[in-house]
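The sequence and the structure come first, and the notes follow.

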Amino acid sequence: MTTIYEVEHLHQPDGWLSPGYVDVGADGVILSVSGQRPQGKPVERLRGFGVPGLSNLHSHAFQRALAGRTEFVTAARAEDNLWTWRKEMYRMVDRLTPDTYEAVAAQVYLEMLRFGMTAVCEFHYVHHLAGGGRNPNPAEMSDRLIAAASRTGLGLTLLPVLYAHGGIGKPVEETQKRFVHPVDDYLRLIDTLRSRRAANRNLRVGLALHSLRAVTPDEAHAALAGMKAMDPQARLHIHVSETTHEVAEVEAGLGARPVQWLIDNVDLNDQWCLVHATHLDASEIAGAAASGAVVGICPLTEATMGDGFFPLVEYHGAGGAWGIGTDSHYSTSTAEELRILECGKRLELRRRNVIARPEGGAEVHSGRLLFDTALAGGERASGQGGGAIVAGRRADLVMLDPDATPLLGHGPETVLDGWILGGTENPVRDVMVAGRWVIRDGRHPQEAAIRDAYRAAAATLFG
């Protein structure tokens, strides 16, 4: 059985349909989209603005519990940066259990849905017991993420992380032993997780290399070859060039800047997501953009860590693909992440509308450009099958409430400017993932239980 929705204003890749009619199959795939009402068939009317759900292309779910708990300095920690923050994060990692991991993940996945994200790329590296001991089920921690995504209804691209070293030529620290796999064990984990797809239709499994600091070239090549043998189209993610410290270490250890090393040594293509890529030189900008790789920008986390600004104007101008992630989850708001990305560059460059450029005689709106670019980049990085409300795609639909304050009086031309750049109230009213409503009127059926479990997990981790 199919369901036909009449959406008052429906986002399309080349504009809007007002109204638009979306026919969704029982399997959660869009059968057709039209501006004409089907004759003789019942429709469900949806008031407001219907847009595709975004894929959040970078998440460390457990770090949601750490947000707001490291905002202090001491005499011993007067110089605070990513590396001092990491020590606090590792202290929490030592206390993580499967139960607390799942509880925190469910909370942050619910938050993503409420802000209009319908899929997440989970960069997952807490694999083992504290101290590095193995769980009886080697996939235990991964299974808890799958359970959290299933409970909330969020699409999950699970990216188990290969992590082998504490830096180039350095052994891992004690806490990092929870992260470590030999390559063969790592590939077995991926194979096991791929078998979970039969029971989880919105699950995808890809590969993540933690960074060029944490894996050797030989380990990277072996893992990539193993992944290609299992799934030639798998998504491939890596942390890269987040800090100047990382760039200097990789350049000293491998003889090239991180992104340049990838350009020269792996088949960098549109299956890759380069997470952060904050510090690029001109050659890396041109090479990464030409490769088709997506840059995963995490604006609020990068700002909170003091990492620096991604060269957005130069990379976008070179035709580079990019999307947004929420990383450590200082926010899970689509609008906030895109707003700081755009407005941070406005502050830096001291001008407005920094990536929008005129096309012929038409107006180019920053909100629409930011949303559409992040939408395409997120789908490329996640491989979830959504990313547009067109026939053949997964039916991921987000309804924006026209009565929300930022959208009052807006029509299709400016509604995305209003959402992303015009206010702080969240206008997301309803969220559909794969044809199933998971948020209605701003509420999820399990939100109270999920919140209670999160509160208990936070008390366990920090009480």
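In this predicted model, helix α1 supplies six residues to the lining of the largest cavity, which is the largest share of that lining.

**Largest cavity**
- A search of the whole structure finds two cavities of 30 Å³ or more, and the largest of them has a volume of about 330 Å³.
- The lining of the largest cavity consists of 24 residues, among which L82, R86, H210, H239 and E242 are the closest to its centre.
- Besides α1, the elements that give two or more residues to this lining are strand β11 (236-240) and helix α9 (299-305).
- By residue class, the lining of the largest cavity divides into ten nonpolar, nine polar and five charged residues.

**Second largest cavity**
- The second largest cavity has a volume of about 40 Å³, and the residues that line it are Y5, V22, V24, I30, I389, A395, D396, L397 and M432.
- Eight residues of this second lining are nonpolar and one is charged, while none is polar.

**Aromatic pairs**
- With ring centres required to lie within 6.5 Å of each other, the count comes to ten aromatic pairs.
- Y5, which also lines the second largest cavity, pairs with W437: the ring centres are 5.8 Å apart and the planes stand at 90°, so the pair is edge-to-face.
- This pair links distant parts of the chain, since Y5 belongs to strand β1 (residues 3-12) and W437 to strand β17 (residues 436-439), 432 residues apart; both Y5 and W437 are buried.
- F62 and Y125 have their ring centres 5.9 Å apart and their planes at 90°, so this pair, too, is edge-to-face.
- F62 lies in the loop between β6 (54-59) and α1 (82-93), and Y125 in the loop between β7 (117-124) and α3 (140-152), so their pair ties together parts that are 63 residues apart in sequence.

**Charges over rings**
- The charged end of R440 sits over the ring of W437, at 4.2 Å from its centre, and W437 is the ring partner of Y5 described above.
- R69 lies over the face of F462, where the distance to the ring centre is 4.0 Å.

How values were computed
Residues are numbered from 1 along each chain as its sequence is written. This is a predicted model: local features need pLDDT of at least 70, side-chain atom pairs count only at pLDDT 80 or more; totals for chains, interfaces and linings use all residues. Side-chain values use heavy atoms; hydrogens and water are left out. Rings of Phe, Tyr and Trp (its six-membered ring) pair if their centres lie within 6.5 Å; planes under 30 degrees apart count as stacked, over 60 as edge-to-face and the rest as tilted. Helices (H or I, at least four residues) and strands (E, at least two) are DSSP runs, numbered from the N terminus. Buried means under 20% relative accessible area, exposed over 50%, partly exposed in between (1.4 Å probe, protein chains only). A charge sits over a ring if NZ of Lys or CZ of Arg is within 6 Å of the ring centre and within 35 degrees of the ring normal. On a 1 Å grid over the protein atoms alone, a cavity is a set of points where a 1.4 Å probe fits but cannot get out, and a pocket is an open set with protein on both sides within 12 Å along at least five of seven lines; lining residues have an atom within 4 Å of a point. Grid points are joined across faces, edges and corners, and a volume is the space filled by probe spheres set on the points. Ala, Val, Leu, Ile, Met, Phe, Trp, Tyr, Cys and Pro count as nonpolar, Asp, Glu, Lys and Arg as charged, and the others, Gly among them, as polar.
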